[in-house]
Amino acid sequence: MRQPQKSKFGEVVFRQKLVDQHLGKNKSFPGQPDQKQILDVLKERVDSSRKIFKNLQKRNLTLSPFLEIGAEKCQRASLLSSGFKSPGFALDISFESLKSAAYFAKKLKLNKLPVLICADAENLPFADNSLPFVFAFETLHHFPDPRKTLEEMKRVTANNGYVFFSEEPVKQTVNLPVWRRDFNLTKYEKILKKLFILPFLSTLGASETRYGILENVFPVSTWQSCLKMFEEIETIYEPVFFGPKSKVGRNNQFINPLTRFLIGLQGGGITALAKIKKPQNPPTVKNVYDLLACPKCRKKLSRNISTFNCKSCKQTYPIKDKVIFLLNPVLRKKLYPNI
Ligand SMILES: [Zn+2]
């Protein structure tokens, strides 16, 4: 199932307003982090991602050139480009989020930015078998089903490369979703939190869903069935508040019953690392830009000063504020009529 166009449009409009709030320009969403809060959130994300990337490096993964899907403000991709000296791409459907990457990288003392790509995760503008490391954090739950995006991630990953995702929610069964809450709680929600009943009566994503953004929480069974597309995979399920993690492989899908029970009770998170095998090694490229492909016909693109062009289907893809627009032209006209 594909992400509906109204959800894609919602991502664009909501994130445009949200970025302005994060930059201190307005206060559209009292429930969402303000300028100071977002910096704290991003600092935490950078610290936890640093640990994750270091662990992956210890396992001899090639981290570059990487592709991050749903990169939003690109703090993780900027960390790889700066702290790990790994060039790569940060992709998001929100132009405003990508545009804010430079501001936030500076605030987070990250001195190098990735290549910024405005595109659709369900139609990645890259050739098959091209990148050694393709990853996403907190992204797959914005789709009706994680399958299409995971298939795309697998398609563009090179032979012996890896697909990695983390911080995706897993469904809590003991939940009466009476209403949705935001990042900042209301007075009554704070009381319910103190009584330990808030997570049983409400779910996250109040502001997002008002804009048509999908805030899905897939059950373990959905993840298990989607992840069958990977021949070699390691998956970690984890309850959200307390309890043991459970690590499972491709042929050993048995999740620790206590972990599964506690996820049912509290909700949980999933992290997965899949090794990709392709019949051939990827072609060697001189420049990372040579990995880009036309989102319409997947042929190689040639670069001009302010555009990328597809000679095969005669399409032009603009570059604006250092962001390369590689959306299918029909979708681009709907989401960004002025670009
Ligand atoms: Zn083309």
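Cover here rests on contact, meaning heavy atoms within 4.5 Å. Helices (H or I, at least four residues) and strands (E, at least two) are DSSP runs, numbered from the N terminus. The model is predicted, so local features need pLDDT of at least 70 and side-chain atom pairs count only at pLDDT 80 or more, while totals for chains, interfaces and linings use all residues. Residues are numbered from 1 along each chain as its sequence is written, and side-chain values use heavy atoms, with hydrogens and water left out.

Buried means under 20% relative accessible area, exposed over 50%, and partly exposed in between (1.4 Å probe, protein chains only).

Move on to Thr157, in strand 5 (residues 157-170). Thr157 has 0% relative accessibility and therefore counts as buried. Leaving aside residues up to four places away in sequence, Thr157 touches Asn129, Ser130, Leu131, Pro132, Val134, Tyr162, Val163, Ile276 and Lys278.

**Salt bridges**

Go back to Arg155 and show Asp128: the two form a salt bridge, with the closest N and O atoms 2.7 Å apart. Asp128 sits in the loop between strand 3 and strand 4 and Arg155 in helix 6, so this pair ties together parts 27 residues apart in sequence. Asp128 is partly exposed at 47% relative accessibility, and Arg155 is buried at 14%. A salt bridge is a side-chain nitrogen of Lys or Arg within 4 Å of a carboxyl oxygen of Asp or Glu. The structure holds 20 of them.

Next, select Arg2 and Glu122, a salt bridge whose closest N and O atoms are 3.4 Å apart. The pair links distant parts of the chain, 120 residues apart: Arg2 is in the segment before helix 1 (5-22), Glu122 in the loop between strand 3 (115-118) and strand 4. Arg2 counts as partly exposed at 46% relative accessibility, whereas Glu122 counts as buried at 2%.

Then select Lys25 and Asp20, which form a salt bridge with 3.9 Å between the closest N and O atoms. Lys25 is exposed, at 61% relative accessible area, and Asp20 is partly exposed at 22%.

**Strand 2**

Select Ala90, in strand 2 (residues 88-92). Its relative accessibility is 0%, which counts as buried. Among the residues that Ala90 touches, not counting those up to four places away in sequence, are Glu68, Ala71, Leu98, Pro114 and Ile117.

**The zinc site**

Select the zinc ion and its protein donors, Cys294 (SG), Cys297 (SG), Cys310 (SG) and Cys313 (SG), which lie 2.2 to 2.3 Å from the ion. Donors are N, O and S atoms within 2.8 Å of the metal (3.2 Å for Na, K and Ca); water is not among the atoms, so sites may look incomplete. The angles between the four donor atoms run from 100 to 122°, which makes the arrangement tetrahedral; four donors count as tetrahedral if all angles lie between 85 and 135 degrees. Along the chain, the donors follow the spacing C-x2-C-x12-C-x2-C. Cys294 lies in the loop between strand 10 (268-275) and strand 11 (302-303) and Cys310 in strand 12 (residues 307-310), so this pair ties together parts 16 residues apart in sequence. Cys294 and Cys310 are both buried.

Conventions:
Four donors count as tetrahedral if all angles lie between 85 and 135 degrees; four count as square planar and six as octahedral if opposite donors are over 155 degrees apart and all others between 65 and 115; anything else is irregular.
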